[in-house]
Amino acid sequence: MSDFINEFIAEAHQQLEVAEEHLLLLTKTPTKSLVEGCFRAFHTVKGNSGFFPVPRIQRLAHACEQVLDAIRVGQVTCDGKHVDELLGSLTVLGQLVDGLAAAGIEPTGDDSELIASLLAMSRPNLDSDRGSIQAIPRQSSAVERCLSELATVSAGDMGALIKAM
């Protein structure tokens with residue numbers, strides 16, 4: 001195996017350990033910094049996996065990252081189900097990285113059910129009694145404010161602005 005893939009394997013193991021530590025702490029003391037740290041660990045694994053032929057690792061890490069992103073931006077509330085599913089995903093990711101280390105190629109398999117479950121958890125909370133999405137307060141972003149202001153500019157003013165640039 002190349003030095004690059006060995007570096008990826010070592011880094012993936014390290015990041016998965018960090019994610020596990022953060023997830024276990026989240027069960028006791030949920031804090032934004034723990035969610036952020038866990039998100040970064042999965043993000044690193046996902047990003048680094050893009051350089052190698054390891055689509056299972058990349059897709060599963062991406063799904064975990066999406067759950068944590070939804071938690072960190074307040075779309076969903078982290079609970080025991082989220083942590084359990086993420087810990088289960090960590091186990092699978094660890095097995096995939098170990099398989100890559102042992103055989104030099106990513107093990108084959110189908111993670112679609114696990115990924116679908118993670119993606120479902122990354123969606124806004126549902127009100128189970130009514131089956132509707134609960135309202136989630138959201139502040140407009142700077143981009144949305146800018147687009148809103150641009151919508152009020154006339155075509156002639158926009159042309160003049162572009163020529164001036």
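**Entry 1: overall layout**

I started with the secondary structure and got 7 helices and 2 strands for the protein chain. I'm working from a predicted model, so I keep that in mind throughout. Reading from the N terminus, I wrote the order down as α-α-α-α-α-β-β-α-α. I then looked up burial: 33% of the 165 residues in the protein chain are buried. I also checked how far apart in sequence the contacts reach. Of the contacts with a separation of 6 or more, 66% are between residues 24 or more positions apart.

**Entry 2: the core**

Next I went for the largest nonpolar core, which has 39 residues. F8, L23, F42, I57, L68 and L118 have the most contacts inside it. I noted which elements give two or more residues to this core: α1 (3-28), α2 (32-49), α3 (55-72), α4 and α5.

Setting aside residues up to four places away in sequence, I found F42 touching A19, A61, C64, E65, L68, L90 and L93. L68 is another of the residues with the most contacts inside the core.

**Entry 3: helix α2**

At 1.5 Å a residue, its 18 residues should span 26 Å, and the end C-alpha atoms are 26 Å apart, so the two agree.

**Entry 4: α4 against α5**

I moved on to the pair α4 (residues 80-103) and α5 (residues 112-121). I got an angle of about 145 degrees for the packing, with the axes 11 Å apart. I noted the crossing of α4 past α5 as left-handed. On the α4 side, the contact is made by K81, H82, E85, L86, S89 and V92. On the α5 side, I have L114, S117, L118 and M121. Sorted by class, that contact has 5 nonpolar, 3 polar and 2 charged residues. L118 was already in my notes as one of the residues with the most contacts inside the core.

**Entry 5: D111**

Last, I looked at the loop between α4 and α5, where D111 sits. Is D111 buried or exposed? I have its relative accessibility as 10%, so D111 counts as buried, the cut-off being under 20%. Leaving aside neighbours within four places in sequence, I found D111 in contact with R56, V92 and L96. V92 also takes part in the contact of α4 with α5.

Definitions and conventions: Residues are numbered from 1 along each chain as its sequence is written. This is a predicted model: local features need pLDDT of at least 70, side-chain atom pairs count only at pLDDT 80 or more; totals for chains, interfaces and linings use all residues. Side-chain values use heavy atoms; hydrogens and water are left out. Axes are lines fitted to C-alpha atoms, for helices over the stretch in contact, and angles run from 0 to 180 degrees between N-to-C directions. Helices (H or I, at least four residues) and strands (E, at least two) are DSSP runs, numbered from the N terminus. A crossing is left-handed if the near helix is turned anticlockwise from the far one by less than a right angle, and right-handed if clockwise. Contact means heavy atoms within 4.5 Å. Ala, Val, Leu, Ile, Met, Phe, Trp, Tyr, Cys and Pro count as nonpolar, Asp, Glu, Lys and Arg as charged, and the others, Gly among them, as polar. A nonpolar core is a set of buried Ala, Val, Leu, Ile, Met, Phe, Trp, Tyr and Cys residues joined through side-chain atoms within 4.5 Å. Buried means under 20% relative accessible area, exposed over 50%, partly exposed in between (1.4 Å probe, protein chains only). The expected span of a helix is 1.5 Å times one less than its number of residues.
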